[in-house]
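Here are my notes on the model.

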Amino acid sequence: MLGILKHIVFVLLLAVCAAMLPQQAFDEKARDAALVVGVIGLWRWSWGLLHLLRSLWFRLVRFPGMRRMAEAAAKAQGLGHAYFLITSFRIDAPTTTKVYRGAFIAAANAPAGATIVCSIVEIGDERLIRRLAEVMYGDSPPFRLEIVRIPGTGKRDALAAGFRAIAALNPAGDDTVSVIDGDSIVPPDLVERCACMFLINPNLGALTTDEVCTVEGAEIFKQWYSMRFAQRQILMSSHGLAERVLTLTGRMSMFRARLACDPGFIDHVQNDYIDHWRLGRIRMLTGDDKSSWFWLLKNGYNMYYVPDVQVETIEQPPSPSFISSAYVLMTRWFGNMLRTNARALNLGPIKIGAFTWWSILDQRMSMWTSLSGITLALLGTAMITPWTAAFYVLWVIVSRYILALTFLTVRPSINLVYIPLLYFNQIFGSAVKVLIFFRLDRQKWTRQKTAFKRTDSQFDAAFKLWSSRLVNSVAVLVFVSVLVFLANLGSYFTDEAPERLPKITDRVF
């Protein structure tokens with residue numbers, strides 16, 4: 001009841017603020033800028049509404065039918081053997097214990113037996129894992145436990161070693177491989193609830209699930225992650241309707257075993273790279289989940305989303321500072337996305353489906369369109385009336401509140417702090433994307449210090465650095481110039497310049 005009262009008071013305060021805005025806030029001279037913002041906003045909001053409707057249809061209509069078919073197939077045919085591949089590196093002992101306890105229970109509940117392959121670096125992790133299995137099950141655990149020790153050369157090498165260890169065990173046709181991060185806790189019925197999906201579609205290559213999180217850190221981190229995962233559930237459900245999600249998260253994705261053990265797949269995950277026209281060959285350090293996703297997409301496999309299974313992730317922000325942590329994480333997330341974006345687009349809408357192809361294209365466009373509102377608001381404030389900023393702030397609050405309300409379709413409650421966090425994600429996230437788009441060679445793990453050795457000459461390194469800055473600056477200038485042209489703001493420095501310039505000067509000084 002108190003939560004509802006907060007929202008009622010909030011809406012009333014918004015209405016009062018809107019009524020208090022003076023007429024200058026709605027200056028008719030700002031109509032061109034407002035029209036541009038409105039057209040772009042209409043496009044963005046219609047795209048968001050489409051995602052919401054697709055999400056509702058998928059979760060309420062399409063997926064329940066898929067669930068019934070899958071469970072019936074599992075009852076009639078039985079499930080295959082379940083393989084778990086878990087990678088751990090420099091994760092604290094309490095988290096490691098929770099993760100492996102969850103995996104052990106899920107493996108013990110696997111209807112056709114399970115094998116857990118742990119791809120690790122440090123001997124301390126091996127001792128902890130073996131000791132935990134002994135404490136839980138004694139000398140005879142109800143699953144096979146394999147430990148693969150590798151040098152600390154990165155997650156891609158750890159995954160490749162684990163996949164090869166599983167391939168050596170000769171998995172059968174209906175077997176599955178669940179790739180699990182060292183900070184992700186899977187539910188006890190993971191295999192029973194997910195592996196059955198592979199029985200109803202022989203072309204299904206992999207699937208992933210919903211996520212919830214336990215966050216270590218300040219309250220703002222908890223709300224940020226909570227909001228992100230709610231937004232993720234809507235978008236992933238929308239893409240689930242197309243049977244091709246846009247990412248196979250490394251937190252927990254389940255693969256058809258014969259594909260996960262394919263030598264081409266393993267080599268692609270371990271040694272993936274892209275060739276860039278200006279930056280040359282870029283070997284992929286982060287983004288192994290994007291590499292596995294692209295391999296399946298390129299080879300024509302479906303990728304499902306299972307919205308009624310939740311994996312719990314333990315989030316440890318890389319810094320006590322929210323801004324610093326967001327920058328580090330967004331640099332990794334968006335860098336992974338943008339490095340794979342162009343080659344996924346090149347596959348074409350016929351091969352991967354029109355909706356999926358357009359969604360991939362939208363990843364590239366949205367980082368610019370999301371910045372158009374604040375750019376025009378700043379220009380309008382400087383060139384038309386200071387009340388433009390007030391009107392824009394009100395619009396941001398109202399629109400983000402409406403967006404936050406849509407999260408009630410996937411979560412039982414929302415927090416009003418989602419409003420500024422949604423706007424922060426849009427503006428700060430888009431700015432990070434614009435920076436990274438022209439610097440795709442920058443890669444760094446959040447937890448791991450692994451990095452590829454640069455072999456560039458001094459000239460090549462300087463060329464990449466300064467060409468990135470130049471191309472980035474030109475792109476931003478073109479973006480602002482196009483907005484000024486579309487909004488007809490240039491007229492304020494031509495026809496009306498003699499009248500307006502003194503007023504602008506008076507306002508500034």
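1. Residues 417-438 are 91% helix and 0% strand, with the end C-alpha atoms 32 Å apart. Helices here are DSSP runs of H or I with at least four residues; strands are E runs of at least two; both are numbered from the N terminus. This is a predicted model, where local features need pLDDT of at least 70 and side-chain atom pairs count only at pLDDT 80 or more, while totals for chains, interfaces and linings use all residues. Residues are numbered from 1 along each chain as its sequence is written, and side-chain values use heavy atoms, leaving out hydrogens and water.

2. The stretch 417-438 comes from the record. UniProt, in an unreviewed entry, places "transmembrane region" at residues 43-61, 374-397, 417-438 and 474-493. Those positions follow the numbering used here, the feature names are shortened, and the annotations may be inferred rather than shown by experiment. Residues 43-61 are 100% helix and 0% strand. Their end C-alpha atoms lie 26 Å apart.

3. Next, helix α15, residues 387-405. It has 19 residues and reaches 27 Å from its first C-alpha to its last. That is close to the expected 27 Å at 1.5 Å a residue, where the expected span is 1.5 Å times one less than the number of residues. Buried residues of α15 include Thr388, Tyr392, Ser399 and Tyr401. Buried means under 20% relative accessible area, with a 1.4 Å probe and protein chains only.

4. Now the sheet. It is open, has 8 strands and mixed pairing, and runs in the order β3-β2-β1-β4-β7-β6-β10-β5. Its edge strands are β3 and β5 (184-185), each pairing on one side only. Two strands pair if DSSP finds at least two bridges between them. α3 packs on this sheet and touches β1, β2, β3, β4 (176-181), β5 and β10 (302-315). Contact means heavy atoms within 4.5 Å. The direction of α3 makes about 175° with that of β1. Axes are lines fitted to C-alpha atoms, for helices over the stretch in contact, and angles run from 0 to 180 degrees between N-to-C directions.

5. How is β2 (residues 114-120) placed? 7 of its 7 residues are buried, so β2 is largely enclosed by the rest of the structure. Ala114, Ile116, Cys118 and Ile120 are buried on one side, and Thr115, Val117 and Ser119 on the other. In a regular strand, side chains alternate between the two faces of the sheet.

6. Strand β1 (residues 82-88) pairs with β2 in the parallel sense over 7 bridges. Leu85 stands opposite Val117, and Tyr83 opposite Thr115. β1 also runs parallel to β4, joined by 6 bridges; there Phe84 faces Ser178. 7 of the 7 residues of β1 are buried, so β1 too is largely enclosed by the rest of the structure.

7. On its β3 side (residues 144-149), β2 pairs in the parallel sense over 6 bridges. Cys118 stands opposite Ile147. β2, helix α4 (residues 123-137) and β3 make a right-handed β-α-β unit, as do β1, helix α3 (residues 93-108) and β2. Right-handed means that, with the strands pointing away from the viewer, the path from the first strand over the helix to the second runs clockwise.

8. An antiparallel pair to check: β6 (residues 204-215) and β7 (residues 252-256), over 3 bridges. The bridge partner of Thr208 in β7 is Ser253.

Notes. Buried means under 20% relative accessible area, exposed over 50%, partly exposed in between (1.4 Å probe, protein chains only).
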